Amino acid sequence: MAANSPKSLGNRVGSVQCDNTTLHLLKANDFVANAIRERLKDVCIINVCSSPGSGKTTLMQETGKRLSSEMNISVLVGDPETDRDAVRMKDAGLNALQIVTGGMCHIEAQMILQALDHIDTEGIDLLFIENVGNLLCPSAFDLGEDYRVTLLATTEGDDKPKKYPRMFLTSELMLVSKADLLPYVPFTVENVTKDAREVNPEIEVLTISTLNGEGIDQWCDWLREKVKEKKAKAANK
Ligand SMILES: Nc1nc2c(ncn2[C@@H]2O[C@H](COP(=O)(O)OP(=O)(O)O)[C@@H](O)[C@H]2O)c(=O)[nH]1
Ligand SMILES: [Mg+2]
């Protein structure tokens, strides 16, 4: 860090640009991520990210209810401790395996590769990876996914895409979740979409609520399309 660290600034508000010392670790991660892609050539892999509590597990449960009859879905879910989310998803009829990261704030590709040895990958159409709740660290780790989907709940404030730009820059889709709460919170979908697109002009945006069903049909259609595309791509190779 530069000599004029925050301490030397006294109590003044400021910002310090830190050197990135993790690049070599990420190269190793990317190598494993490519091995995952190679192994699951015809499986559509979706890395689902967000802060804790934005509604990832609830969305997986709802998606399972709607799509399990037409495709084979499995979920790998990461949390620092407990298997609570995997239990919730199994109760909803999904094949789910918990990855306990032992306190780590993100999932790394090697954790996915290890987990794959514990699930039957034969015939899977769609593999969800529910990442550890965190808008920062998971953004740096490629898990071999085809798409990264980031939820941002209306209760979190519409200023997050610019504060955590890498998460939104590396996501193909932003789901504005808990839309049922929009009448009660200071959050506008227009502002969050504008900020997210200034970070990543390509990002798609969908507004959803698992409570009242808003946007869930569109979300399921998006998934159907991506699964179809992945299978077509694998068949053409
Ligand atoms: N109002 C509202 N609450 C939701 C919605 N989706 C999830 N929740 C609630 O938000 C809390 C956190 O959800 P969860 O799925 O565990 O979030 P995760 O930590 O991102 O996996 C739970 O109490 C859910 O019932 C939604 O669409 N609307
Ligand atoms: Mg969860």
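How many bridges join β5 to β6, and do the strands run parallel or antiparallel? There are 5 bridges, and the two strands run parallel. The structure is a predicted model, in which local features need pLDDT of at least 70, side-chain atom pairs count only at pLDDT 80 or more, and totals for chains, interfaces and linings use all residues. Residues are numbered from 1 along each chain as its sequence is written, while chains are lettered from A and ligands numbered from 1 in the order in which they are written.

Helices (H or I, at least four residues) and strands (E, at least two) are DSSP runs, numbered from the N terminus. Two strands pair if DSSP finds at least two bridges between them. Strand β4 spans residues 126–130. It pairs with β1 (residues 44–49) through 5 bridges, in parallel. Here Ile46 stands opposite Phe128 of β4. Strand β2 (residues 73–79) also runs parallel to β4, again with 5 bridges. Val77 faces Glu130 of β4 across this pairing. Thr150 in β5 is the bridge partner of Cys49.

Burial was assigned from C-beta atoms placed from the backbone: a residue is buried if 20 or more others lie within 10 Å of its own, exposed if 12 or fewer, and partly exposed in between. In β4, 5 of the 5 residues are buried, so the strand is largely enclosed by the rest of the structure. Leu126, Phe128 and Glu130 point one way from β4, and Leu127 and Ile129 point the other way. Strand β5 (residues 147–153) is mostly covered, with 6 of its 7 residues buried. Helix α4 (residues 109–116) has Ala109, Met111 and Ile112 buried. Down the axis of α4, its buried residues fall within an arc of 160°, so they line one face of the helix. This arc is that of the directions from the helix axis to the C-beta atoms.

A nonpolar core is a set of buried Ala, Val, Leu, Ile, Met, Phe, Trp, Tyr and Cys residues joined through C-beta atoms within 7 Å. The largest such core has 49 residues. Those with the most contacts inside this core are Val75, Ile107, Ile112, Leu127, Phe128, Ile129 and Leu143. Strand β1 supplies the largest share of the core, 5 residues.

Contacts were defined by C-beta atoms, placed from the backbone, that lie within 7 Å of each other. Neighbours within four places in sequence are left aside for Leu127, which is in contact with Leu40, Val43, Ile45, Ser74 and Leu76. Val48 belongs to strand β1. Val48 is buried, with 26 other C-beta atoms within 10 Å. Beyond four places in sequence, Val48 is in contact with Lys56, Phe128, Ile129, Glu130, Asn131 and Val149. The C-alpha atoms of Val48 and Asp117, 69 residues apart in sequence, are 21 Å apart in space.

Ser51 occupies the loop between β1 and α2. It is partly exposed, with 19 C-beta neighbours inside 10 Å. Leaving aside neighbours within four places in sequence, Ser51 is in contact with Gly133, Asn134, Leu135 and Glu156. Glu70 lies in the loop between α2 and β2. Glu70 is exposed, with 11 other C-beta atoms within 10 Å. Its C-alpha atom and that of Arg224, 154 residues along the chain from Glu70, are separated by 9.4 Å.

Most residues other than glycine have a negative phi. Thr82 has a positive phi near 70°. This residue sits in the loop between β2 and α3 (84–91). Thr82 counts as exposed, with 10 C-beta neighbours inside 10 Å. Lys178 also has a positive phi, of about 60°. The loop that holds Lys178 lies between β6 (173–177) and α7 (189–199). Lys178 is buried, with 25 other C-beta atoms within 10 Å.

A residue is near a molecule if its C-beta atom, placed from the backbone, lies within 6 Å of it. By this criterion, 16 residues surround ligand 1. The closest are Gly55, Lys56, Thr57, Thr58 and Leu211. Helix α2 (residues 56–67) gives the largest share of this shell, 3 residues. By class, the shell has 3 nonpolar, 10 polar and 3 charged residues. Ala, Val, Leu, Ile, Met, Phe, Trp, Tyr, Cys and Pro count as nonpolar, Asp, Glu, Lys and Arg as charged, and the others, Gly among them, as polar.

Key. Two residues are in contact if their C-beta atoms, placed from the backbone, lie within 7 Å.
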